[in-house]
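Please look over the model below before reading the points.

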Amino acid sequence: MAKKIAIKIDVDTKRGYDEGVPRMLDVFKQENIKATFFFSMGTDNSGKAIRRIFRKGFLTKMLRTKAPSTYGFKTMMYGTLLPAPHIVEPNPMPFLRAIKENHECGIHCWDHVYWQDKLPFLSEDTIKEELTKAINLFEKLAGFKAKACAAPGWQVTPRSLKVQQELGFDYCSDVRGYYPFYPIMNDKKYLPLQIPGTLLTMDECLGSTLDNKLITEENINDYWLSHCDQEFNVLTIHSEMEGLKQLPILHDFIKKAKKLGYEFVKLEEGKYVPNIKECEVYHGYLPGRAGTVARQRKLDRKSTRLNSSHHRI
């Protein structure tokens, strides 16, 4: 059976939504593949991310990934020197086109920066309010309810997991890990299923030394493909990066993967992976990323024992 790759697109910014999403849809149509989009449905407060400048590794990452040219000057001013614009509602066409072309679409958040920076301090009521605003706009525009959710910045708390469970999503993709699992956090079990990202993202890779090699725009696809070693692989990309300046790299990745026999599928197919187990969710570091993210504690496949060692993702 061919190994599978699910491309998960996080739509974080207005520019990524207005410009990047249509360009990616063109590539997916040309290559006849389906992907999974998670939309930030509300406001673009990207400029407020400057508060992370004192977080270890953030400034280095911004310089290494050439963030100003990637995101654009206006995006980096939204919510500070420029008003925070709404992303989806003023221009629903990219969102509706993704649905019409039979891509899987779900909720990322209402305000990406707010969730990523403030989640540990948010009450259950506030988390539910943020997600409900996104859910309501999604349903208003799409005509059906969103079935999946993906947390911005892979930021998770027991309160956010509880709220997602109460909202009845089919699955979530909030975690970095290895294979689909049912989450345990602080010794408490939660639903729904988690389908984690299994590969490092472009902004984590570029300019980093991984496998004793400096990762560049020229070799990143080879690096990604060398690590597509799960039955079900998940590559998270961003509409403001792979949808714009780095679109040729994404297109080349798809073509190379197809030549190697990989099948591209929607993220929801991760629900059908056999022998899904329970795994712990913890906060840990990843190469090339400032701050911590929610990670899956890898399970010893020969038993239900949790393996506490560190791994590459």
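The notes follow as numbered points.

1. This is a predicted model, in which local features need pLDDT of at least 70, side-chain atom pairs count only at pLDDT 80 or more, and totals for chains, interfaces and linings use all residues. Residues are numbered from 1 along each chain as its sequence is written, and side-chain values use heavy atoms, with hydrogens and water left out.

2. Helix 1 (residues 14-31) packs against helix 5 (residues 93-100) at an angle of about 20 degrees, and their axes are 9 Å apart. Helices are DSSP runs of H or I with at least four residues, strands are runs of E with at least two, and both are numbered from the N terminus. Axes are lines fitted to C-alpha atoms, for helices over the stretch in contact, and angles run from 0 to 180 degrees between N-to-C directions. Helix 1 and helix 5 are therefore roughly parallel (an angle under 35 degrees). Their crossing is left-handed (the near helix is turned anticlockwise from the far one by less than a right angle; clockwise is right-handed).

3. Helix 1 contributes Tyr17, Val21, Pro22, Leu25 and Asp26 to this contact, and helix 5 contributes Met93, Pro94, Phe95, Arg97 and Ala98 (contact means heavy atoms within 4.5 Å). By class, the contact of helix 1 with helix 5 has 8 nonpolar, no polar and 2 charged residues. Ala, Val, Leu, Ile, Met, Phe, Trp, Tyr, Cys and Pro count as nonpolar, Asp, Glu, Lys and Arg as charged, and the others, Gly among them, as polar.

4. Helix 1 also meets helix 11 (residues 247-259): the axes come within 11 Å and cross at roughly 20 degrees. This pair is therefore roughly parallel too, with a right-handed crossing. On the helix 1 side the contact uses Arg23, Met24, Val27, Phe28, Gln30 and Glu31, and on the helix 11 side Leu247, Leu250, His251, Ile254, Lys255 and Lys258. The classes are 6 nonpolar, 2 polar and 4 charged.

5. Asn32, in the loop between helix 1 and strand 2 (36-40), has phi near 60 degrees, a positive value in a residue other than glycine.

6. The peptide bond from Leu191 to Pro192 is cis, with omega near 0 degrees. Pro192 sits in the loop between strand 7 (188-189) and strand 8 (193-194).

Note on methods. Angles under 35 degrees count as roughly parallel, over 145 as roughly antiparallel, 65 to 115 as roughly perpendicular and the rest as oblique.
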